[in-house]
Structure formats: structure tokens, C-alpha cells
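Here's a quick briefing to read with the structure open beside you. Take it one topic at a time and find each piece as you go.

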Amino acid sequence: MINPFFITGLIPERYFCDREQETEKIIVALENRSHILLTSSRRMGKTQLIRHVFEQDVIKGKYYTFYSDIFSTSTLKELVFALGREIYKTLVPGEKKALSLFLGTIKSIAAGFSVDPVTGAPKVNLQLGDIYSPELTLEEIFSYLEKADKRCIFAIDEFQQIASYPEKNVEALLRTHIQAMNNCCFIFSGSNRHILEQMFSSYARPFYNSAKPLHLERIDREKYAGFVVRNFKDAGIRISVETAHYCYDLLDGCTYYMHKVFHDIFSYSEEGSEVTCDRIDSAIKSILEENTYVYGETLARMGISAKQLLIAIAKTGRASRLTSGAFVKKHALSSPSSVQKAMRTLLDMQLITYDIQGPKNEKVFLIPDKFLDIWLRNNYS
Ligand SMILES: Nc1ncnc2c1ncn2[C@@H]1O[C@H](COP(=O)(O)OP(=O)(O)O)[C@@H](O)[C@H]1O
Ligand SMILES: [Mg+2]
């Protein structure tokens, strides 16, 4: 029996849960030639949603879809390398004409790509060192996207990464190209809301106002519970809607964490058995035990102010006004200015994130790694 709770890799459509409205919204925006800025805290489901959108018939038939995760890139050269390789790999299985148009356009690096004459498999012999002029190659890549024989959608995941490249002009360079394009829409996505919002909503930045923002929220509580009950039932295992809600509430509706718990429980459940709340508690307990070492190491590597602030946020659950006198005093933090600094550190490390709430658009801080969140509460209160 296949485990219906996929926690790695591509999720087959049958095991993809909900996201109907978001899918629709993205498709409408793309059809109207908007670029999209897709954010959420880590592991809420951005990457899976992009894949899901690309699988829809309206998109699949009409567009070339490209997806690059640039998390591990740290220079413009690596970005160009990643984009070029993705286009090549996507085009190889398709029509020869499209591929030769690509290779004919990206002259500066074309020699790095070939097709195995026997198996027909794509071979990328390109080395980073072969990209002598990343700006020129980037121009060629965008020029290909403009003249491709179908419209293109390029998803660049973990896009905040470009903000830390050593080259100073990357944002402006990309923006200049993208602004001039008619044939390709971009989905910029990433978990670092802090950096991405600065990039896309500060007037002074090149990407200001250039993409339609979509912040991915939790999957609806009822829909998620329905998905859980149905998939256990298909395997002859009982679980009540209330028990599914219990897990949802404990883990604040964060997709991966809930899925991981149900994945583990499913792995050990016999047909005819029932999943109870106790079973959920014990599954979480063993996940925390497995992670204790990693969490301990993470804390050990942090400065004292960052550590204290992280613990204070874990204890509070959803914490606002971190630099207020009341918060600083209550948690015995050293000073508002040290909290401000620690907050930036934690945001950059993605150990905390924030929701925007209420009529005053107040930032409410939380720990996106729900297992770490519970672990901190268990260990420090
Ligand atoms: N719609 C979904 N249906 C089923 N599982 C999902 C869905 N969205 C996310 N997941 C689960 O959450 C995990 C993290 O999703 P992912 O898209 O990688 O998050 P993000 O890109 O936001 O960090 C997936 O590996 C999968 O286990
Ligand atoms: Mg992702």
C-alpha cells in the first residue's frame, strides 16, 4: 500500500491536497501575463503548488514551464548556469526544432550541452568556468525565452538568494530584462518573506511592484481533515475528523509537519486499526527525539540574545511587538535594540517568520518549524 502522505519529492496528483483557489488564482494571473511573487513560511507548500500548477492541462498544453530552485547558488554565474541547464533539460525530450532554437540562441555556452547519440539522453558538460560572461549568457537566455515557439513560464524558487550575491547589480539587471519581456512570465517564490517583501515592495528597489503578491496560507482545516480521513479510510484505517483537527491545531496547520506525522503513523498502522490523539502525541514525541541533537546544535551556535528571543517567541506562541518594553521585561531580554538585532538574525536564519494581522497590519512573529517550536516549549518552560 502506497503511503498517501508524501513528504519528499513530487507528489502524484491524486495525493495532492486542495490548493484549488490558489491554483486558480495563479493560472488567471499567468494567463493575464502577470509575474507572481509567491511567499509563505517554509514547508507550507509553495514548491508543490508550483509543480501542481504546471501539471494543469491549461498550462501544460500551452506553455513551456521551467522550474529552478536557486537556493544553493551564490553568484550570478551560478544563477545563469541553473537557468540555462533547466531550459535545456526541459526542451530535450520535446521537439528538435525548439531545442535547436535554444542552442542557436545561447551561443556563448552552447558547446556545453549535448545529446547522447545512442540513448538520446541530455548531457550537460557545461562547467561554471565555461561561463565567461554571465551577463551576456543571461541576455541570451532571456532572448531565447522571448522567441520560443510557445509562451514560457519560469519559476525561480528561493529567489531571495539573489539579494546575497556579491555582484551589486543583479536585481537591476534581471529587472531590466524581465520588464522588456512579452513571452515569458515569472513566478518568483521563496520563504524569506522579510527579504522578498523588501525587494518587491520598497520603492527604491528594481523589482518594486513588479509582481502580483500571493502569500500562501495554511490549507483549510476542514479540507485537510477530509483529506486525512479519506486517505486512511482507503487503507482500512479509522481516524475521526476530530483527531485530524487535533493534529492540525497542534502543528498550527503547517503542511509539512502535519504530513510528516501522518506519514509516520501511516507507516506503522495495520488495516482495521484506529488512529487516536495519543498516537499523534507519540508520533510527535519520537520525531522530537530524533531531532534533539540537531536542535541542540542549532541553539549552541547562536548568540545569547538570539537564543533568548527565540525561546521567548516559542513560549508566547504568536508574538507581536517584540521590542516593546513589556515584551522585553516579561522575558528578561537585555534591551529593545539587542532584540531588534536578534530579530533580524533569526529572520535571516529563517528560524522565525511573521504573519501580518489586524487592521494595523501588525507583524506577528512565530517559529515556522513546528517541531522546533514544541521542542523549545518542552525544554525551556
Ligand atoms: N498540497 C499539498 N498536498 C499534499 N502535501 C503537501 C501539499 N503541499 C505541501 N505538502 C507537503 O509539505 C511538504 C513541503 O512542501 P513544499 O512545497 O516543499 O514547501 P515550501 O516550498 O513552501 O517550503 C511537501 O513535501 C509535502 O510533504
Ligand atoms: Mg520550496
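Let's start with one side-chain pair: the side chain of Asp355 makes a polar contact with the side chain of Arg318, at 3.1 Å. A polar contact here is a pair of N or O atoms within 3.5 Å; within protein, one must be able to donate a hydrogen and the other to accept it, and residues adjacent in sequence count only if both atoms are side-chain atoms. Keep in mind that this is a predicted model, where local features need pLDDT of at least 70 and side-chain atom pairs count only at pLDDT 80 or more, while totals for chains, interfaces and linings use all residues. Residues are numbered from 1 along each chain as its sequence is written, chains are lettered from A and ligands numbered from 1 in the order in which they are written, and side-chain values use heavy atoms, leaving out hydrogens and water.

**Around Asp355**
- You'll find Asp355 in strand β11 (residues 353–357); strands (E, at least two residues) and helices (H or I, at least four) are DSSP runs, numbered from the N terminus.
- Asp355 is buried, with a relative accessible area of 13%; buried means under 20%, exposed over 50% and partly exposed in between, using a 1.4 Å probe and protein chains only.
- Leaving aside residues up to four places away in sequence, Asp355 touches several others, among them Arg193, His215, Arg218 and Glu362 (contact means heavy atoms within 4.5 Å).

**The five-stranded sheet**
- Five strands form an open sheet with parallel pairing, in the order β2-β5-β6-β1-β7; two strands pair if DSSP finds at least two bridges between them.
- β2 (63–69) and β7 (212–215) are the edge strands, each with a single partner, so one side of each has no neighbour in the sheet.
- Strand β1 (residues 36–39) runs parallel to β7, and four bridges join them.
- Ile36 sits opposite Lys212 in β7.

**Helices α5 and α6**
- Helix α5 (residues 96–105) packs against helix α6 (residues 134–147) at about 145°, with the axes 9 Å apart; axes are lines fitted to C-alpha atoms, for helices over the stretch in contact, and angles run from 0 to 180 degrees between N-to-C directions.
- On the α5 side, Ala98, Leu101, Phe102 and Thr105 meet Glu140, Ser143, Tyr144 and Lys147 of α6.

**Helix α16**
- Buried residues in helix α16 (residues 370–380) include Phe371, Leu372 and Trp375.
- Their cover includes α10 (241–250), α12 (277–300) and β12 (362–366).
- At the start of α16, a side-chain oxygen of Asp369 comes within 3.0 Å of the backbone nitrogen of Phe371.
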